[in-house]
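Trainee: I am new to this structure and would like to learn what the words used for it rest on. Could we look at it together?

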Amino acid sequence: MAHQFRTPIQLYRDLLRLAKLVGKEKNNTEILTGMVRSQFEKHAFETNQTVIKEKMDEGIKVLTNYYLLRANQMLDEQGYDTSGGVVAKEEKTKTKPSSKDSTPSNGKKE
């Protein structure tokens with residue numbers, strides 16, 4: 001994992017930043033930040049280290065999934081095939097039929 005969270009508060013701050021970022025894009029910042037806050041408030045007094053670790057892992061998955069989604073979207077916009085290879089932009093668009101396949105100007109096929 002690229003970034004290890006040392007404390008739940010660091011994860012909380014990162015999730016709030018993500019909620020604000022996504023909220024601006026989708027115009028629902030208050031709802032998303034409220035969801036993050038309510039989850040942290042719900043488990044604020046948890047003392048069981050196993051449960052704390054599980055909840056932190058869930059939060060980290062949310063961040064990771066979002067960043068992977070955004071990375072794939074950016075690759076798609078640049079013409080990369082995210083299923084495993086690079087596809088030229090020309091290959092993605094339909095090509096016009098060649099002059100051999102087109103019908104003559106009189107409308108009849110030869």
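Trainee: Where is Asn27 found?

Mentor: Asn27 is found in the loop between H1 and H2. Before we go on, please keep in mind that this is a predicted model, in which local features need pLDDT of at least 70, side-chain atom pairs count only at pLDDT 80 or more, and totals for chains, interfaces and linings use all residues. Residues are numbered from 1 along each chain as its sequence is written, and side-chain values use heavy atoms, with hydrogens and water left out.

Trainee: What makes a stretch a helix or a strand here?

Mentor: Both are DSSP runs numbered from the N terminus: a helix is H or I with at least four residues, a strand is E with at least two. By that rule the protein has four helices and two strands, and their order from the N terminus is α-α-α-β-β-α.

Trainee: Why is Asn27 called exposed?

Mentor: The relative accessible area of Asn27 is 73%. Exposed means over 50%, buried means under 20%, and partly exposed is in between (1.4 Å probe, protein chains only), so Asn27 counts as exposed. Its phi is worth a look too: Asn27 has a value near 60 degrees, which is positive in a residue other than glycine. Most residues other than glycine have a negative phi.

Trainee: Why is Thr33 called buried?

Mentor: Thr33 lies in helix H2. Its relative accessible area is 7%, so Thr33 is buried by the under 20% rule. Not counting residues up to four places away in sequence, Thr33 touches Leu16, Ala19 and Lys20, where contact means heavy atoms within 4.5 Å. Across the protein's 110 residues, 16% count as buried.

Trainee: Why does Ala44 count as partly exposed?

Mentor: Ala44, in the loop between H2 and H3, has 49% relative accessibility, so it falls between the two cut-offs and counts as partly exposed. The C-alpha atoms of Ala44 and Pro8 are separated by 9.5 Å, although these residues are 36 apart along the chain.

Trainee: How do you know that the length of H3 agrees with its number of residues?

Mentor: The expected span of a helix is 1.5 Å times one less than its number of residues. Helix H3 (residues 49-77) has 29 residues and should therefore span 42 Å; its end C-alpha atoms are 42 Å apart, so the two agree.

Trainee: Which residues of H3 are buried?

Mentor: They are Met56, Gly59, Ile60, Leu63 and Tyr66. Helix H1 (8-26) is included in what covers the buried residues of H3. Just after H3, Gly79 has a positive phi of about 95 degrees.

Trainee: What makes a pocket, and which residues lie nearest the centre of the largest pocket?

Mentor: On a 1 Å grid over the protein atoms alone, a pocket is an open set of points where a 1.4 Å probe fits, with protein on both sides within 12 Å along at least five of seven lines; lining residues have an atom within 4 Å of a point. The largest pocket is lined by 24 residues, and Leu15, Val36, Gln39, Phe40 and Gly59 lie nearest its centre. H1, helix H2 (29-42) and H3 are the elements giving two or more residues to that lining.
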